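Student: I would like to learn how to read side-chain contacts and strand pairing in a model. Can we work through one case?

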Amino acid sequence: MRFETKADLDREIKCIEFFCNKFGLTYVKLDKNDVDFALYKDGKLISYAEVKGRNKNIYEAYPLPIACRKLVKLVDKKMNPVIIWDCFDGIIYGKLESLQGLLRIGGRKPREKSVNDIELMAYFEKNIELKEIFF
C-alpha cells in the first residue's frame, strides 16, 4: 500500500525543480515502482535521482535515512545516482557512489497495511560528500 499524499508528491516536484534549476538540468518523473526521476543535461540523460522528504531543518536532519531497497534501485541504473533529502529550509544531496553509511533495521512506526515501515535502512552522517543548499 502506498502512503504518499498529493502534498508529498508536490513537495517532491518542488524539490527536484529547485535542484534542477540550481544545476541547469531538466527531469522526467518515472514510474511509481521505479526511482523518482531521470535527470537530463542539454537533452542527454546524465543521472537518476531519488528524493526523500525529511521533516526537519538541515541542521537537525542527520543522520539521513533511506531504505536500502531504494539504494539498490538507484545503483542498478548504473548512471550517476543521486539522493536528495528535502528539508524544511533547503536540500541535502550526494552522489551515491561516494557515500558511506550505516546499515540497520529501522524505519518508522508500523502503519496498518504497510509492508515497508520496518526494513533494512541506510543512515548517512554529515560528511564532506553531502552538500547542503538552503532555500
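Tutor: Start with a definition: a salt bridge is a side-chain nitrogen of Lys or Arg within 4 Å of a carboxyl oxygen of Asp or Glu. Keep in mind that this is a predicted model.

Student: How many salt bridges does the structure hold?

Tutor: There are 8 salt bridges. The general idea is that side chains of opposite charge can pair when their charged atoms come close.

Student: Which residues are linked in a network of salt bridges?

Tutor: The network links Glu-12, Lys-29 and Asp-36. Within it, Lys-29 and Glu-12 form a salt bridge whose closest N and O atoms are 2.8 Å apart. Lys-29 belongs to strand 1 and Glu-12 to helix 1, so this pair ties together parts 17 residues apart in sequence.

Student: Where do Arg-11 and Asp-86 lie in the chain?

Tutor: The side chains of these two residues, Arg-11 and Asp-86, meet in a salt bridge at 2.6 Å, N to O. Arg-11 is in helix 1 and Asp-86 is in strand 5 (residues 82–87), 75 residues apart, and the pair links distant parts of the chain. Arg-11 is partly exposed at 24% relative accessibility, while Asp-86 is buried at 5%.

Student: What separates Asp-10 and Lys-6 in helix 1?

Tutor: About one helical turn, because the two residues are 4 residues apart in helix 1 (residues 6–23). Asp-10 and Lys-6 form a salt bridge, with 3.0 Å between the closest N and O atoms. Asp-10 is partly exposed at 40% relative accessibility, and Lys-6 is exposed at 60%.

Student: Next, the aromatic rings. How many aromatic pairs are there?

Tutor: The count is 6 aromatic pairs. To label a pair, look at the angle between the ring planes: over 60 degrees counts as edge-to-face. Tyr-27 and Phe-37 are edge-to-face, with 5.4 Å from centre to centre and 90° between the planes. Tyr-27 sits in strand 1 (residues 26–29) and Phe-37 in strand 2 (residues 37–41), 10 residues apart. Tyr-27 is partly exposed, with a relative accessible area of 26%, whereas Phe-37 is buried at 0%.

Student: Which residues form one aromatic cluster?

Tutor: Phe-19, Phe-23 and Tyr-93 do.

Student: What lies over the face of Phe-37?

Tutor: Lys-29 does, at 5.1 Å from the ring centre. Lys-29 is also in the network with Glu-12 and Asp-36. In another case of a charge over a ring, the charged end of Lys-77 sits over Tyr-48, 4.8 Å from the centre of the ring.

Student: How do I read the pairing of strand 1 and strand 2?

Tutor: Look at the bridges and the direction: strand 1 and strand 2 run antiparallel and are joined by 4 bridges. Val-28 has Ala-38 in strand 2 as its bridge partner. Ala-38 in turn stands opposite Tyr-48 in strand 3. Strand 2 and strand 3 (residues 44–53) are also antiparallel, with 5 bridges.

Student: Which residue takes a positive phi in the hairpin of strand 2 and strand 3?

Tutor: Asp-42 does, with phi near 55°. That hairpin has 2 residues between the strands.

Student: Which residues make the nonpolar surface patch?

Tutor: Leu-103, Ile-105, Ile-118 and Leu-120 make a patch of about 400 Å². Strand 7 (102–107) and strand 8 (118–124) are the elements that give two or more residues to the patch. Leu-103 lies in strand 7 and is exposed at 52% relative accessibility.

Student: Is Met-121 buried or exposed?

Tutor: In a regular strand the side chains alternate between the two faces of the sheet. Met-121 is in strand 8, and its relative accessible area of 9% makes it buried. Met-121 and Lys-95 are 26 residues apart in sequence and 17 Å apart in space, C-alpha to C-alpha.

Methods: Residues are numbered from 1 along each chain as its sequence is written. This is a predicted model: local features need pLDDT of at least 70, side-chain atom pairs count only at pLDDT 80 or more; totals for chains, interfaces and linings use all residues. Side-chain values use heavy atoms; hydrogens and water are left out. Patches are made of residues with over 30% relative accessible area and no salt bridge: like charges are joined within 9 Å, nonpolar side chains (Val, Leu, Ile, Met, Phe, Trp, Tyr) within 5 Å. Accessible areas come from the Shrake-Rupley method with a 1.4 Å probe; for residues, only the protein chains shown count as cover. Buried means under 20% relative accessible area, exposed over 50%, partly exposed in between (1.4 Å probe, protein chains only). Rings of Phe, Tyr and Trp (its six-membered ring) pair if their centres lie within 6.5 Å; planes under 30 degrees apart count as stacked, over 60 as edge-to-face and the rest as tilted. A charge sits over a ring if NZ of Lys or CZ of Arg is within 6 Å of the ring centre and within 35 degrees of the ring normal. Two strands pair if DSSP finds at least two bridges between them.
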